Amino acid sequence: MKRIFLSAKLHKVTTTAVELDYEGSCEIDGVLLDAAGISAFEQIQIYNINNGNRFTTYTILGKDNSGIISVNGAAARKVNVGDMLIIAAYAVYSEEELKAYSPRLCYVNNQNILTKISTGSKTLSIY
């Protein structure tokens with residue numbers, strides 16, 4: 001049997017831009033994507049802490065260390081600049097893979113700069 005579990009999370013990132021007239025997606029700082037292990041064009045779920053909206057889109061690679069979190073296309077109607085978001089990616093795991101399972105949880109400061117990565121019992125603080 002295979003089951004779906006959280007693979008990565010960007011916790012409490014701040015929306016820096018919304019672009020309604022765009023093909024769609026969410027542009028995310030490349031450093032944050034790398035830290036979370038999320039790839040460009042990977043499906044993500046976005047949870048808006050400010051208004052409760054939840055939606056699915058995909059990632060676009062943003063400039064490293066830019067702090068960009070730009071929600072684009074139709075999803076831009078669900079977010080305002082300054083809103084805090086949780087961005088989550090999920091993966092399908094076999095029972096065998098779940099024995100070593102641990103999601104990557106990434107935390108940022110108020111400028112979307114990575115401050116901490118947690119994977120199971122390991123935490124790496126970044127200053």
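This is a predicted model: local features need pLDDT of at least 70, side-chain atom pairs count only at pLDDT 80 or more; totals for chains, interfaces and linings use all residues.

Biologist: Fine. Then what does Ile87 touch, leaving out residues up to four places away in sequence?
Modeller: Ile87 touches Ala8, Lys9, Leu10 and Val13, then Cys26 and Ile28, and also Ile44, Gln45, Ile46 and Ile69.

Biologist: And which residues have the most contacts inside the largest nonpolar core?
Modeller: Those are Ile28 and Ile87, in a core that has 24 residues. At least two residues of this core come from each of E1, strand E3 (25-29), helix H1 (30-36), strand E4 (43-48), strand E6 (69-72), strand E7 (84-94), E8 and E9.

Biologist: Which element gives the most to this core?
Modeller: That is H1, which gives four residues. As a general point, nonpolar side chains tend to be buried together in soluble globular proteins.

Biologist: Now the strands. How does E1 run relative to E8, and how many bridges join them?
Modeller: Strand E1 (residues 2-14) and strand E8 (residues 104-108) run parallel and are joined by four bridges. Within that pairing, Lys9 has Leu105 in E8 as its bridge partner.

Biologist: What about E8 and E9, parallel or antiparallel?
Modeller: E8 pairs with strand E9 (residues 114-119) in the antiparallel sense, over five bridges, and Cys106 stands opposite Ile117 in E9.

Biologist: How many residues lie between the strands of that hairpin?
Modeller: There are five residues between E8 and E9, and in this hairpin Asn112 takes a positive phi near 60°. Asn112 has that positive phi although it is not a glycine.

Biologist: Is Asn112 buried or exposed?
Modeller: Asn112 counts as buried because its relative accessibility is 1%, where the cut-off for buried is under 20%.

Biologist: Changing topic, how many salt bridges does a search of the whole structure find?
Modeller: The search finds two. In one of them the side chains of Glu95 and Arg3 meet, at 3.3 Å from N to O. That pair links distant parts of the chain, since Glu95 sits in helix H2 (residues 95-98) and Arg3 in strand E1, 92 residues apart.

Biologist: How accessible are Glu95 and Arg3?
Modeller: Glu95 counts as partly exposed because its relative accessibility is 35%, and Arg3 counts as partly exposed because its value is 36%.

Biologist: And where is the salt bridge of Glu96?
Modeller: The side chain of Glu96 meets that of Lys99, at 3.1 Å from N to O, and both Glu96 and Lys99 are exposed.

Biologist: Which residues make the nonpolar surface patch of about 310 Å²?
Modeller: That patch is made by Ile4, Tyr90 and Val92, and the place of Val92 is in strand E7.

Biologist: Back to the loops. Where does Gly37 lie, and what is Gly37 in contact with?
Modeller: Gly37 lies in the loop between H1 and E4 and, leaving aside neighbours within four places in sequence, is in contact with Glu42 and Arg104. The C-alpha atoms of Gly37 and Ala8 are separated by 7.0 Å, although these residues are 29 apart along the chain. Gly37 counts as exposed because its relative accessible area is 52%.

Biologist: Is Thr15 buried or exposed?
Modeller: Thr15, in the loop between E1 and strand E2 (17-19), counts as buried because its relative accessible area is 2%. Apart from neighbours within four places in sequence, Thr15 is in contact with residues including Ile69, Val71, Val79 and Leu85.

Biologist: Last one, what does Ser25 touch?
Modeller: Not counting residues up to four places away in sequence, Ser25 touches Thr57, Tyr58, Ile60, Ser70, Val71 and Asn72. Ser25 is in strand E3 and counts as buried, because its relative accessible area is 1%.

Methods
Residues are numbered from 1 along each chain as its sequence is written. Side-chain values use heavy atoms; hydrogens and water are left out. Two strands pair if DSSP finds at least two bridges between them. A salt bridge is a side-chain nitrogen of Lys or Arg within 4 Å of a carboxyl oxygen of Asp or Glu. Buried means under 20% relative accessible area, exposed over 50%, partly exposed in between (1.4 Å probe, protein chains only). A nonpolar core is a set of buried Ala, Val, Leu, Ile, Met, Phe, Trp, Tyr and Cys residues joined through side-chain atoms within 4.5 Å. Contact means heavy atoms within 4.5 Å. Patches are made of residues with over 30% relative accessible area and no salt bridge: like charges are joined within 9 Å, nonpolar side chains (Val, Leu, Ile, Met, Phe, Trp, Tyr) within 5 Å. Accessible areas come from the Shrake-Rupley method with a 1.4 Å probe; for residues, only the protein chains shown count as cover.
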